[in-house]
Amino acid sequence: MQSSFHVAIIMDGNGRWATARGRPRQIGHRAGAEAVRRIVIGAPPLGIDVLTLYAFSSDNWQRPITETAGLMKLFSNYLRRETATFVEKGIRLTIVGRRDRLPADARRAVDTAEAATRAGTALQLRIAIDYSARDAIVLAAHKARQQPTMPLDRDRFAWLLGEATHAGHAVPDVDLLVRTGGEQRLSDFLLWECAYAELMFSRKMWPEWTAADLAAAVADFRMRERRFGALPDAAAAS
């Protein structure tokens, strides 16, 4: 059993939250960034060691360029604004996914934030941007094929997967996966790492989420029995 606690969140509903209020979608994304701040600060007191947030999928590039450009600018500004807080609170930031398609300004913000927060130990915050789990698995398999003399098992493949997505090589599997916004699908997010994750789907839109919602999700998770393919304790003892 892994000792760390890894929570992953698909942050869904920004656009619908704004549309329901007669506001532009970009306003919803800005409100979503405020929710990120609340959740990141609220995570360590709940015993969360690793928090992975799904910010932008590789398929999101299909959206109108005005929206994607706005999201990239919002992402860059978020990193610049929050880096000092991350350093103060011991939060280490890692960006997961492709980097070559990010605008130059976003890449600079990523490099600066990752370097500044490298010593953080209170929380490992991973933001998935231009991320596709299926593409990452394909790339990891390609890397394995290039190293035919190296034995390949689950641990080795997980290491290659981390290398493929700039995710680091010591990240544990996901314990709890939350999706906000009412949809109930994984949307190409951490498919390998969520093999035994507990799933939770919230109808609340992401901009509405607070630290109290995260605490409630963690409390629900703590009530569940995780067996990883084994029998429940009572059944095993009979």
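**Terms and values in a predicted model**

Me: Which residue in E2 is the bridge partner of alanine 8?

Reply: Threonine 52 is the partner of alanine 8 in E2. This is a predicted model, in which local features need pLDDT of at least 70 and side-chain atom pairs count only at pLDDT 80 or more, while totals for chains, interfaces and linings use all residues. Residues are numbered from 1 along each chain as its sequence is written, and side-chain values use heavy atoms, with hydrogens and water left out.

Me: What makes E1 and E2 a pair of strands?

Reply: Two strands pair if DSSP finds at least two bridges between them. A strand (E, at least two residues) or a helix (H or I, at least four) is a DSSP run, numbered from the N terminus.

Me: Which other strands pair by this rule?

Reply: E2 is joined to E4 by seven bridges, again in parallel, and serine 57 stands opposite tyrosine 131 in E4. Strand E1 (residues 6-10) pairs with E5 over four bridges in the parallel sense, where isoleucine 10 faces arginine 179. E5 also runs parallel to strand E6 (residues 198-201), with four bridges; there leucine 176 has glutamate 198 as its bridge partner.

Me: Why is histidine 29 called buried?

Reply: Buried means under 20% relative accessible area, exposed means over 50%, and partly exposed is in between (1.4 Å probe, protein chains only). Histidine 29 has 6%, so it is buried. This residue is in helix H2. Contact means heavy atoms within 4.5 Å; beyond its neighbours within four places in sequence, histidine 29 is in contact with Asn14, Arg63, Glu67, Leu71 and Leu74.

Me: Why is a set of residues called a nonpolar core?

Reply: The name is used because its members are buried Ala, Val, Leu, Ile, Met, Phe, Trp, Tyr and Cys residues joined through side-chain atoms within 4.5 Å. The largest such core has 40 residues, and Ile9, Val40, Ile48, Leu51 and Leu125 touch the most other members. Its largest share, six residues, comes from H3. Apart from it lies another core, of 13 residues, including Ala8, Tyr54, Ala128 and Val174.

Me: What makes a space a pocket and not a cavity?

Reply: On a 1 Å grid over the protein atoms alone, a cavity is a set of points where a 1.4 Å probe fits but cannot get out, whereas a pocket is an open set with protein on both sides within 12 Å along at least five of seven lines. Lining residues have an atom within 4 Å of a point. The largest pocket holds about 750 Å³ of space. It is lined by 32 residues, with Met11, Tyr54, Ala55, Phe56 and Asn60 closest to its centre.

How values were computed
Grid points are joined across faces, edges and corners, and a volume is the space filled by probe spheres set on the points.
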